[in-house]
Amino acid sequence: MNFKPLELDFSVIRDLRKRSGLTLNEVSDRSGISAAGLSRIERNQTTLELNTLYRLARALGLSGTDLLGLAESC
């Protein structure tokens with residue numbers, strides 16, 4: 001049985017952040033992830049560890065499951 005890798009688009013984080021009126025620095029402060037790292041995540045230039053996903057989700061007022069679902073549906 002062959003499994004296709006799950007393709008995730010974390011540019012949804014930028015959309016959520018902007019809709020909430022938050023800057024990169026504000027989400028960085030809330031999540032403990034550097035602004036540069038957050039920018040790379042928003043541009044899909046890095047992979048996320050599960051812990052990072054949950055920290056970002058909490059910073060945006062979401063559950064990790066919800067954020068993952070949004071990234072998957074993009």
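These legends describe close-up views of a predicted model.

**View 1. Helix α1 and its buried face.** Four residues of α1 are buried: Val12, Ile13, Leu16 and Arg17. Seen down the axis of α1, these buried residues fall within an arc of 135°, so they line one face of the helix. The buried residues pack against α2, α3, α4 and α5. Lys18 and Arg19 sit on the other side of α1, where they are exposed. Gly21 follows α1 and has a positive phi, near 70°.

**View 2. Arg17, a buried residue of α1.** Arg17 lies in helix α1. Its relative accessible area is 8%, under the 20% limit, so Arg17 is buried. Beyond its neighbours within four places in sequence, Arg17 is in contact with Leu22, Thr23, Leu24, Val27, Glu42 and Leu60.

**View 3. Where α1 meets α5.** The axes of these two helices come within 9 Å. They cross at roughly 120°. α1 and α5 are therefore oblique to each other. From α1, the contact involves Val12, Ile13 and Leu16. From α5, Leu67, Leu70 and Ala71 take part. By class, this contact of α1 with α5 has six nonpolar residues, no polar ones and no charged ones.

**View 4. Where α1 meets α3.** The axes of α1 and α3 come within 7 Å and cross at roughly 120°. Ile13, Arg14 and Arg17 represent α1 here. They meet Leu38, Ile41 and Glu42 of α3. The residues of this contact divide into three nonpolar, no polar and three charged.

**View 5. Leu24 in helix α2.** Leu24 is found in α2. Is Leu24 buried, exposed or partly exposed? With a relative accessible area of 24%, Leu24 is partly exposed. Leaving out residues up to four places away in sequence, Leu24 touches Arg17, Ala35, Leu38, Ser39 and Glu42. Glu42 is 18 residues from Leu24 along the chain. The C-alpha atoms of this pair are separated by 9.9 Å.

View 6. Ser28 belongs to helix α2, which spans residues 24–31. At 11% relative accessibility, Ser28 counts as buried. What does the side chain of Ser28 reach? The backbone oxygen of Ile33 lies at 2.5 Å from that side chain. Not counting residues up to four places away in sequence, Ser28 touches Ile33, Ser34, Ala35 and Leu38.

**View 7. Asn44, between two helices.** Asn44 sits in the loop between α3 and α4. Although Asn44 is not a glycine, its phi is positive, about 55°. Its relative accessibility is 36%, so Asn44 counts as partly exposed.

View 8. Helix α4 covers residues 50–59. Which of its residues are buried? They are Thr52, Leu53, Leu56, Ala57 and Ala59. Seen down the axis of α4, the buried residues fall within an arc of 160°, so they line one face of the helix. What covers them includes α1 (12–19), α2, α3 (35–42) and α5 (64–73). The face turned away from this buried side carries Leu50 and Arg58, which are exposed. Just after α4 comes Gly61, with a positive phi of about 75°.

**View 9. Thr52, one of the buried residues of α4.** Thr52 lies in helix α4. Thr52 has a relative accessible area of 15% and is buried. Setting aside residues up to four places away in sequence, Thr52 touches Ile33 and Ile41. Ile33 is also the residue whose backbone oxygen the side chain of Ser28 reaches. Ile41 takes part in the contact of α3 with α1.

Key:
Residues numbered from 1 in each chain as written. Predicted model: local features only at pLDDT ≥ 70, side-chain atom pairs only at ≥ 80, totals over all residues. Heavy atoms only, no water. Buried < 20%, exposed > 50% of the residue type's maximum accessible area, 1.4 Å probe, protein only. Polar contact = N/O pair within 3.5 Å; in protein donor to acceptor, adjacent residues only side chain to side chain. Contact = heavy atoms within 4.5 Å. Arc of directions from axis to C-beta. Axes fitted to C-alpha atoms, helices over the stretch in contact; angles between N-to-C directions. Parallel < 35°, antiparallel > 145°, perpendicular 65-115°, else oblique. Nonpolar A, V, L, I, M, F, W, Y, C, P; charged D, E, K, R; others polar.
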